[in-house]
Each structure stands twice: as C-alpha cells, then as structure tokens.
Amino acid sequence: MKKFLLAGALFGVLFSVFSVNVARAAAQSCQIRENGRCNNDNEYLSIPGVRGCYICERGECVTGDLVSATKATLDKKSYENYMFRCQLGFDDKWIPEKIPNCTQAEYRRLCPDGNAKEVIINLNTGKPVFNDNSSQAVVGAQPCMGCVCIPGYTAVDGKCISDADIAAGNQCAAGGGKWTGSACTCDPSKNIKQSADKKSCVCISSDYEPDGVNGCKKTQAAINAENQQRQQAENRKRQQACEQSGGVWANNQCSCDNAKNLRLENNVCVCLDDVNYVRNGDRCDLTDAAALQQKCTSADSVASGAYWDDVNKQCRCTNQQYAWNGSVCAMNPAIQKCLLITGANWDYSRNQCYCMEVGKTLNADGTACIDATVSSSGDAGVGAAETTITQQQNAARERIEGAVSKLDEIASGLKLTVWRNEEGKFNTSRLLSDSIAGVVLGTAGGLITSHVVKKNNIENGFEDIQCTVGGQVVAGWGDQFRVGIQ
C-alpha cells in the first residue's frame, strides 16, 4: 500500500501511531491476523484453511520476516512450496521466492522412493511442515525442500517401509525369526518353522512352546516323556546285561543266585571271586584247585586228618599210613594189605612192602612171606624163577608208584631249571653245550657215541635227573638219546 504524507497538525498524530505499531510488531512479529480483513494485494498473504492473513506492514511484521507454505495465495495468485519475505517501505509487500532443495543429504535420501513426498523442512527443527488445508506455515525459519515418507510408511535405513510390514517384521523378530522385507525366515536350530503366510515363525511341533526371540523350547510334558523313554531304554539295557550275566531282573533291579556262586556288582552278576571261580555260562564254577581245596577242608575231610598243602596245591594226611581218597583220609590200601601179612612191614622210604626175616620174600600174589630159595633146574626151579620175577616186578611197581608220588611233590616245589639261571633268565651256556650233537665216551668195551636230541626245553622240575654212561653224563631230563657200541 502506498503511503501519503499528511501535512500540518496530522503529522504528530501519525508519528505517535507509527511508534505504537512498531512496538507491537516487535512483540508480535508476523502474527496471523485471524478473522481480519485480507485484501487482494501484495501486503496480504493468505494460507488455505487458515482464517486470517499474514500482513506485511508496520505493526504486523518487520522487514526480513519469512513465512513459508506449501500452498499460499498472494495478490490473487496461488503459490506452492514458496517462501515469502516481508519488505517494509514506501510500498509494503511480500516478496515470493521458490523454496530451494535442501543441501543436507539426510533430507533428500528418501526422494527416489515411490512412497515418499517432497515437503518443506524447517531447518531450525529439522522437521517437515504440512499446511495442506489446515496447518499453519513455517514462520521465521529458513526453509528447504526435502522428502519424507507418506502417511502409512516409516523411514527405515533410507527406505519407506509400510507400517504393516514393520509390524510384521517386529512380530517375526519377536518369534525368533528374521524379516527380509517381504517374508520371515526361521532358523530350524531354534525349533521354529515358517508360518503358512510366511509372515512369522511358529514352533516345529506341539512338543514345543514359544520362547520369545529364542524361538521355541520343549514343553515340560515333552521333557518328562523323553526322560521316561530314556529311563525305559536304560532299564532294558540293564535287564539284558543282568540276565546275560545269569541274574534275575525284577522291579528294575538285578538279583544274583548265590547257589550259582554269583554276586552283584555294578548291576550285573559276577563270580564270587576271580581266584577260586571261573565263569561257566550263566553260573560260576570252582577251579580244579579250588574245588580240591574245598573238598580237602570240608568238616569230614579235616576230621579224618586231612590238611591243605597250599604250596604244592595238594591235600595231604597227617598220618603217613593214610592217603586222601578224594573225600577223606583213609588207610593206604597197599600199606593196609602189607601190614596184614605175617612177618611183613612197609618201607616208607621206598614205598614198598618187604619181609622182615632174612631169606624170606613175598609170594607172587603179595599175600605171604615165603622162602627166597629157588632151584636152578626142574619144574620147581622154573616155577620158583617165575615167582621170583613176579615178586621183583611187584616190588618194582610199588617202588615206581612211590617214586611217582615223590616226584610229583618235587616237581611242584622246584623253581629253577637248567634252562634258567638264578636270575630267571634263559641259560645260553646250556644251549651252547647241548648244541654239540655227538659226544665221544671211552669205555672198556670200545668207543660209545651218544646222539642227543633235545625234545623238552621247558621248565618241568626234573632237571637234576641225568643219564650217564661210564660215569659220564650223556643226557638230562626230557632228552632223548641213542647209544651204540663201535
């Protein structure tokens, strides 16, 4: 509006009014005049949907004030995304300027997105301004044009994502899944799988229940069922092991029959001990030595004078006239028979029966002592000779039987052999000496050669027994040899 100077008395009054208006403008710079008169000239800026105007004149705005709007009307013209700068002077007016694009990248990054729109950005607050139909414009701030997501969409990492997808993504993540932007992927290790609509994750089976971002966990009922099945399988294994060891399975426990020489150990049946018993199928039996010892130490056996020789593993009798018959100690039948013969006695050192009277000898049946005189001719002589031979054979047999018993005792007690030295190591010197196959021996009858073949080079307790020819040793125990005269 143009200003006209008034003369005379009116000047002082106008100056006073102008001063008041300046003071008001300072306090209420560019305040919208609601319900006020809006003329269609360049002093009055109208905003759609707002009743009133922004007036660029003293008392309303000051020079340089800005009003920015997405839509505005000035001097009968419509403007979109313009800013208006107030300029006071001879001709007060709003000067329209196109709002420039924002130079800050964060305000422009959403512009290529189809779900974004361009708006005025208030650089003082960094927030967009909407005045479509109703909102007020930005006042007193330098604006620029930037982009924001349209309603129903939210900016996420430089893109406008629909609020529905964001809600689905949140639901997907809450169930342990990962949102791809269009579907929810589910990690099987979390016991989850994709739902039918692919928007969320669900538990892989009814044995599982949701466990938030961890996916799903087993229900307590499923855990209890698995524990029960595991216990049943373990019990079946224990039952099988028990029954295979000879035990009886009942009430989830294994029991062992003592009559089978079994005892319980680690839920299976084992022998009463590992020394005296040996496994025999579903039971344990005494070893031969243990069975012999058990018989020897029975009440009846001990009462008969038997005792156990633990060194030689034999049952012996305290009375030398007795022998253990497998159950008790009883009179040795040979000794008993001998003592019943008149004039006969038993030689314990030679283990044979003999006649005490000189010139007497046992008859062929070994039942009586008779004269030892034998005729050298005639039938009587032949009969006497046969009787003598029979007696000698009987005596030899008795000596052999006695010797065998003594040898058994000797053999069980010997610790070293000619094949092992005092340190228990192999006797190499014996091997070298025995490797000489031919040994020449001198006798009155000529030369005798002995060829020794080693057949028994193991410890057997008879190494001290040797064979000699003419006083010279030709073989040891267990050796086979051949002697010939040349």
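Tyr 79, Tyr 82 and Phe 84 form one aromatic cluster. This is a predicted model, in which local features need pLDDT of at least 70, side-chain atom pairs count only at pLDDT 80 or more, and totals for chains, interfaces and linings use all residues. Residues are numbered from 1 along each chain as its sequence is written, and side-chain values use heavy atoms, without hydrogens and water.

**Aromatic pairs**

- Rings of Phe, Tyr and Trp (its six-membered ring) pair if their centres lie within 6.5 Å; planes under 30 degrees apart are stacked, over 60 edge-to-face, and the rest tilted.
- The count by this rule is 3 aromatic pairs.
- Tyr 79 and Tyr 82 have ring centres 5.0 Å apart and planes at 65 degrees, so they pair edge-to-face.
- Tyr 79 and Phe 84 have ring centres 5.4 Å apart and planes at 85 degrees, so this pair is edge-to-face.
- Buried means under 20% relative accessible area, exposed over 50%, and partly exposed in between (1.4 Å probe, protein chains only).
- Tyr 79 and Phe 84 are both buried, while Tyr 82 is partly exposed at 23%.

**Nonpolar cores**

- A nonpolar core is a set of buried Ala, Val, Leu, Ile, Met, Phe, Trp, Tyr and Cys residues joined through side-chain atoms within 4.5 Å.
- The largest nonpolar core has 16 residues, and Leu 45, Tyr 54, Phe 84 and Trp 94 touch the most other members.
- Strand S3 (66–74) and strand S4 (77–87) are the elements that give two or more residues to this core.
- S3 supplies the largest share, 4 residues.
- A second, separate core of 9 residues includes Ile 335, Cys 338, Ile 341 and Leu 362.
- Strands (E, at least two residues) and helices (H or I, at least four) are DSSP runs, numbered from the N terminus.

**Disulfides**

- A disulfide is a pair of cysteine sulfur atoms within 2.5 Å, and the count by this rule is 14.
- Cys 111 and Cys 147 are joined with an S to S distance of 1.9 Å. The torsion about their S-S bond is about 100 degrees, so the link is right-handed.
- Cys 111 lies in the loop between strand S5 (93–98) and strand S6 (116–122) and Cys 147 in strand S9 (residues 143–149), so the pair ties together parts 36 residues apart in sequence.
- Cys 172 and Cys 184 have sulfur atoms 1.9 Å apart, and their link is right-handed, with 80 degrees about the S-S bond.
- Cys 172 is in helix H2 (residues 163–174) and Cys 184 in strand S13 (residues 184–185), so this pair ties together parts 12 residues apart in sequence.
- Cys 172 is buried at 0% relative accessible area, and Cys 184 is buried at 0%.
- Cys 256 and Cys 269 have sulfur atoms 2.0 Å apart. A torsion of about -95 degrees makes their disulfide left-handed.

**Hairpin and backbone**

- Two strands pair if DSSP finds at least two bridges between them.
- Strand S24 (residues 306–309) and strand S25 (residues 314–317) pair in the antiparallel sense over 4 bridges. Ala 306 stands opposite Cys 317 in S25.
- This hairpin has 4 residues between its strands, and Lys 313 takes a positive phi near 55 degrees.
- Most residues other than glycine have a negative phi.
- Asn 252 has a positive phi near 60 degrees and is partly exposed at 43%.
- Asn 266 has a positive phi of about 55 degrees and is exposed at 69%.
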